[in-house]
Amino acid sequence: MTDDDDLEKLRASLKARTPAPGPAAKAEALRLAMENFDRHQESSKAARPMSDRPGQAGSLTGVAKVLSKLTTRPALAATASVAAISVGLLIWPELQRDLTLPKPRPTAVTETGPTKTKVAAGKALQPEQDGRASQEMSAADADTPPVVAPADDTRDNDILPQLQEAAPPAPVRPSSRSLERSESADAALAGAESPANEVVQPAPSGAVVGYAPTEAEMAPPPEPDTEAYANADTNPVKIAGEEPVSTFSIDTDTASWSVIRSSLTNGYLPPAEAVRIEEMVNYFPYDYAAPDTGEAPFRASVSLVPTPWNKDTQLLRIGIQGEMPALDDRPPLDLVFLIDTSGSMEDANKLPLLKQSFRLMLGQLRPEDKVAIVTYAGSAGLVLEPTAASDQNAILSALDRLDAGGSTAGQEGLQQAYETAENMAADGRIGRILLATDGDFNVGIYDPEDLKDFIAAKRDSGVYLSVLGFGRGNLDDATMQALAQNGNGTAAYIDTLSEAQKVLVDQLSGALFPIADDVKIQIEFNPAAVAEYRLIGYETRALAREDFNNDKVDAGEIGAGHQVTALYEITPVGSPAQLSDPLRYAAAPEAEGDASELGFLKLRYKTPGAQTSKLIETPIPANPGDADIDARFAAAIAGMGQLLSEPKYLGDWGWDDAIALANGAKGKDEFGYRSEAVQLMRLAQSLSR
Amino acid sequence: METPDEALAAAAAAGDSNAFAALLSRHYDRMFGLAFRLTGSRAEAEDLTQDICLALPAKLGSYRQAARFSTWLYRVTVNAAHDRRRRAATHARAAGGWGDWEINRRAGIAEAAAAEDWLGETMQRLSPELRDTVALTLGEELSQKETAEVLGVSEGTVAWRMSEVKKRLREAARAEGML
């Protein structure tokens, strides 16, 4: 048997075995499509296409399916009684359709409907049909309020009004655990959506069924707010005598600040989970001393200043300044834009903003740089072959041709981007993928864990991955963070063209040229000088103490000219601000030694591409000084972050103090970022009243 | 002479409901056929086709005559099938929490489906990517170039996948011969 025979056999049986579509299903689908078409003409607000079965749409199809099962499966002994019930089923949904009064439903119908269905379930019932019946009951009884997604106005659904009465409205802003929530919904749905089969099914317990059908029954939800944030509990106060060592990875992301800004300017307080203080503080440029040439690629300066919100504690600021390599001899870049063109990117603040942003950035590239564009969803994969940046026309017209459309999972988007980047790679060039998305990471790998593994494996190929977030609504901040952290890149959130200007023009070199990889910070506090300490922010970047010396453990990168600031609030020994009392039964750890050193700072980093890390060590003197402008401003932003998330350490210190502090520390503020921050603090103050 | 699809699509996007109706009835069977070949189940295929029909009015706006309408529609269908498959995978994973009852039930289904016939068995043996490629090249008899366009991969990838399919078929045939 030759290969072609095999293929021929497959071809023939594919042809032969494909059934003709059921006329009822076809008629129903066409009718509903026409209704949708008319509705679409009225409101052209595109519903995001979802694959879930639309709600009421299926009542006839369902019946048709039951009937077709009965006829096409001779193995199933279709007795006359089952057929009779099927006819009953056929009439029943039609009956419902005519019931224009949503509630109360005539008892006879509610009672007999499900009962009949149950009988049928014994033989040949579709799970979906079962789900529907049970839902009728739960909606009528309203004992298990289902979680109802907001109604999709483009679907017809005559059960909807009834459900909305019975059920609480869906939360507008779901918790940060939206992932878990949707998984539990999926779990509940699993029964309702499992493929039709003739296996006799015991009815699952009432609660589950009552919950399950809602989503199957409801039309596909019109993309409720499904933002997910990377977040961890606020760092607690630690006692230096018990836990003197604090370890974390640096973080040069700024996405959190932009998300907060976009929330505030839209008139609502950001969810506390969206607040990552280190990213807020690091958003702003500071004037730190640059490293001397020939030394480490960055320089850490340490200062100890009074805490604005507590006169009895001190703020330890660690400021890291990355070197600014001479830009003239920077290595050429290979950039792969991986652009999400799914339907949801249509909004003005997504794909159009993205195009404008990349246009701004093109002006920063050199003739020897290369650009390729890969899209995912809908349109074809590689839309622009690697092209020299000097050929601006080709790049711009490729950008212009991008359309938000196509339903979703463009296959192999990420794989293709990496492939392209690897093909472009050559000695002395830096490869980077810029993933631009609104949060739909349907990049061809479905499992988030697989996705992380894939990126972590690709990280070793030397290609960096940065993530640019656009638009709100289903911004998947958590995945963005995970991708960028695993892909040795940064995550930024672009909400306005001026933000694009900052990220892609003013700080482009930092965003694109890594100068140090896997930068970790470890501080050992001296219990003789420090009673308590807490790290402000960096919750999602905490590392285990032993990971500091383990070069296998990934950490954050520093780009050219980047600045990173970390703040500790320190309670000196003997300060009345100490929160913990000494123990009665255990001997207090002996606070030995010299109190002139506050602690010992250790930094580890790898030069880009290197496998082993280098170590920088320096003692931190315990002599507090006056806060310079940068320290005051950083403190004001850290205060703002705490006010927006967890203000328990701030005491009476409030928005007025934060505003006054920031206002007095604006400095030169060339780009106006600090003035903008003050504006946002005012907004937040008004909103939180 | 029949109005070309592309003209109908343009008219429908501009709000002509007759054009939309004509377009749909012209393509419904084809969408269903592909949906069946992608999913292997009549019920799934009907659902999927209906989903696509429902979403089409909104999606038509994004059809830019760059590709032939039928190619575009194939792409929409394949993407919708991917979505569905992905969801099904999530559901299957989530169902882990349902305990043995659910696992046994699912195992039962899987066995029943596997035993169905040679076609089902063969298609099931292929990975989703290969199955899509087979559905388009053999089922819809698209050229490798057209298939590549629909799937958003390179022509080389399609060719490679088809040779992979042949390899699988040969392995399967050998396995049967040994029995």
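**Briefing on a predicted model with chains A and B**

A:Ala622 counts as buried because 21 C-beta neighbours lie inside 10 Å; a residue is buried if 20 or more other C-beta atoms lie within 10 Å of its own, exposed if 12 or fewer, and partly exposed in between, with C-beta atoms placed from the backbone. This is a predicted model, in which local features need pLDDT of at least 70 and side-chain atom pairs count only at pLDDT 80 or more, while totals for chains, interfaces and linings use all residues. Residues are numbered from 1 along each chain as its sequence is written, and chains are lettered from A and ligands numbered from 1 in the order in which they are written.

**Surroundings of A:Ala622**

- A:Ala622 lies in the loop between strand E16 (614–621) and helix H20 (629–644) of chain A; helices (H or I, at least four residues) and strands (E, at least two) are DSSP runs, numbered from the N terminus.
- Leaving aside residues up to four places away in sequence, A:Ala622 touches A:Ala529, A:Ala595, A:Ser596, A:Glu597 and A:Leu598; two residues are in contact if their C-beta atoms, placed from the backbone, lie within 7 Å.
- A separation of 9.1 Å is found between the C-alpha atoms of A:Ala622 and A:Ser303, which are 319 residues apart along the chain.

**Helix H11 of chain A**

- Helix H11 (residues 255–265) of chain A has 10 of its 11 residues buried, so it is largely enclosed by the rest of the structure.
- Among the buried residues of H11(A) are A:Trp257, A:Ile260, A:Arg261 and A:Leu264.
- Just after H11(A), A:Gly267 adopts a positive phi of about 90 degrees.

**Strands of chain A**

- Strands of a sheet pair through backbone hydrogen bonds, either parallel or antiparallel.
- An open sheet of six strands has the order E7-E6-E5-E8-E9-E10 in chain A, with mixed pairing; two strands pair if DSSP finds at least two bridges between them.
- At the edges of this sheet are strand E7 (382–388) and strand E10 (491–494) of chain A, each pairing on one side only.
- On average, neighbouring strands of this sheet are turned by 20 degrees against each other, direction ignored.
- Strand E5 (residues 333–340) and strand E6 (residues 370–376) of chain A run parallel and are joined by seven bridges; A:Leu335 stands opposite A:Val371 in E6(A).
- Strand E11 (residues 514–525) of chain A pairs with E13(A) in the antiparallel sense over three bridges, and A:Pro514 has A:Gly559 of E13(A) as its bridge partner.
- From strand E13 (residues 556–559) of chain A, A:Gly556 and A:Ile558 point one way and A:Glu557 and A:Gly559 the other way; all are buried.

**Chain B**

- Chain B contains nine helices and zero strands.
- Of its 179 residues, 46% count as buried.
- Among contacts in chain B with a separation of 6 or more, 59% come from residues 24 or more positions apart.
- The axes of helix H2 (residues 17–39) and helix H7 (residues 128–139) of chain B come within 8 Å and cross at roughly 140 degrees; axes are lines fitted to C-alpha atoms, for helices over the stretch in contact, and angles run from 0 to 180 degrees between N-to-C directions.
- That angle makes H2(B) oblique to H7(B); angles under 35 degrees count as roughly parallel, over 145 as roughly antiparallel, 65 to 115 as roughly perpendicular and the rest as oblique.
- In this contact, H2(B) contributes B:Gly33, B:Leu34, B:Arg37 and B:Leu38, and H7(B) contributes B:Arg131, B:Asp132, B:Ala135 and B:Gly139.
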